[in-house]
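This report describes one protein model for a reader who has not seen it before.

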Amino acid sequence: MSVSSGATVPPFDQVGVAIAPGTDLVVRVPGIVLVVAVEATATPAPAVRLGGWAAAPVAPPPAVPVGDRRVGELVDLCRRVSAAGSRAPGRRLHEELRGWLASHSEPPSFAVAGATEDGLAIGLAGRGVAEVPDLGLRLTPQDGERLPDGTAFLDRLVDWPPAPLRLTAGAPLEMAPHPLADLMAGTVPGAAAVLTPAPSPAPDAPSHPASVRLPSPAAVPAGPDPAAAGTAMPPVAGTGVPPVPPASLAASAPHEQGPAAQARGPHAASGPDVVVPPPVALPPPLRAVSLSAPSEAEPPRPPLPIVSTEQPPAALVREPEDTRPRAKGFLCENGHLNDPRLPFCALCGVRVVQQSGVLVEGVRPPLGLLLFDNGATVSLDADYLLGREPEIDDRVRSGQLRPLLVVDQTGGVSRRHAEIRLEGWDVVLVDTGSANGTLVAPRGAPAWSSLVPGQPIHLLPGMAVRMGSRQFVFEFPHGGH
């Protein structure tokens, strides 16, 4: 299966949308953000006199938005296209917009952005503007075409900008969006909608559980005195630190008494006592053994069995066939099979010398590790199906895929969320049509990107993957390729 290089797009529904105060209307539905101009008028309040109430204020009444039928139709159009179920409704939105504009003269000013498979679909009409202030980029309806009724309309597919995108419909911007303002969904008044890319993943990737960090002496909690119990301090697992004998602990006590303290004198009582360990008894040297004839005659040994065709020896019995996946690669000097693209062995790290240039077929080693946020590690030696109930898939039941259970307390992981496939020497990730999508971020990327369902991508060393609230990192020994 071919791998698409452009299969990642920013997660539209997880992008923050800040609202600048204003009188226009901002609408956010899955896959679409719309800013449409709204007219306002001053409606005088009726003269009402009630007992006990003061006189009506002389100040003019506030402006009241006018319920324009065309504005309502445009909002309903965006909701209908979003409800169709596509995660990238941008192209369909533009088809619906063209049909709607063809049947309406003098439409309201608007700016709309819809998600596509590889970017954004921008639509502007009237006084609508789409701009990226940080980069100096700006689009207006005058950059597009003229409709039969003379309305300027722009319909364009663009790439996601790496900076905030601002949509306006003509209302004046008197105040910037509040830093805490974030429209998740719904319809609110506002002068502009500012789409900010999703935050990048945490720079600290989960560490390999095999690595052990020794605590500093100040961080070691105080526990019971091993000397008081008469036992030795146990060794630290995996560190090679030998156990401490109880005598050395007792010698460092501040109130020391006994013949040993008196022998050192009064000036040596304040410092720690250095205990010399007792000499270790060495084993006796080995005696020379004569290889000549034994002193006592050995009994005769029984004759070897006669091999016949009726009863073949066990050494001639054929071993079961090895079903592990095989691949062609180069061998290092230690006999390890490696990806032909790697200059160093993935197991021992020595340089792979390609003197003959002849590929050797053998059992393919694991192609990397998945390091999860809870410290779990998965070795990639087979194809996996990730999800909260992967065992229900027929391919898992038949043994074609291995199940990899991903538990998410927020419910963001689908039952069959994503696949990891080993194709030759490459590791491929595919979103299987999950409800909340699969996000990836290469090492050093400024933001997350969302996988298009069914379109595989290569996993590169250091790439982070997010499913719901869970996250893991793909790593490969010696840097990968």
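## Strand β21 and its partners

β21 pairs with strand β22 (residues 402-405) in the parallel sense, over four bridges. Two strands count as paired if DSSP finds at least two bridges between them. Helices (H or I, at least four residues) and strands (E, at least two) are DSSP runs, numbered from the N terminus. The bridge partner of Y384 in β22 is R402. β21 is also joined to β23, by three bridges, and these two strands run antiparallel. On that side, Y384 has I420 of β23 as its bridge partner.

Both faces of β21 are covered: Y384 and L386 on one side, and L385 and G387 on the other, are all buried. Buried means under 20% relative accessible area, exposed means over 50%, and partly exposed lies in between (1.4 Å probe, protein chains only). In a regular strand the side chains alternate between the two faces of the sheet.

## Basis of the model

This is a predicted model, in which local features need pLDDT of at least 70 and side-chain atom pairs count only at pLDDT 80 or more, while totals for chains, interfaces and linings use all residues. Residues are numbered from 1 along each chain as its sequence is written, and side-chain values use heavy atoms, with hydrogens and water left out.

## The nonpolar cores

The largest nonpolar core has 30 residues, of which L370, L380, L386, I420, V427, L429 and F472 touch the most other members. Such a core is a set of buried Ala, Val, Leu, Ile, Met, Phe, Trp, Tyr and Cys residues joined through side-chain atoms within 4.5 Å. The elements that give two or more residues to this core are β19 (369-372), β21 (384-387), β23 (418-423), β24 (426-431), β28 (464-467) and β29 (470-475). β23 gives the largest share, three residues.

Leaving aside neighbours within four places in sequence, L370 is in contact (heavy atoms within 4.5 Å) with residues including A376, L380, L404, I420 and F472. Apart from this core lies another, of 26 residues, among them F12, A113, I122 and A130.

## The seven-stranded sheet

Seven strands form an open sheet with antiparallel pairing, in the order β11-β12-β8-β7-β4-β3-β14. β11 (145-146) and β14 (186-189) stand at the edges with a single partner strand each, so one side of each is left without a neighbour in the sheet. Within this sheet, strand β4 (residues 32-36) and strand β7 (residues 110-115) pair over five bridges in the antiparallel sense. V33 has A113 in β7 as its bridge partner.

## The three-stranded sheet

Another open sheet has three strands in the order β17-β16-β18, with antiparallel pairing. Its edges are β17 (337-338) and β18 (360-363); each has a single partner strand, so one side of each is left without a neighbour in the sheet. Strand β16 (residues 326-331) and β17 pair over two bridges, and F330 stands opposite N338 in β17.

## A buried loop residue

T140 is found in the loop between β10 (137-139) and β11. Is T140 buried or exposed? T140 counts as buried because its relative accessibility is 15%. Leaving aside neighbours within four places in sequence, T140 is in contact with L124, G128, V129 and L154.

## The whole protein

The secondary structure comes to six helices and 29 strands. Buried residues make up 35% of the 481 residues in the protein.
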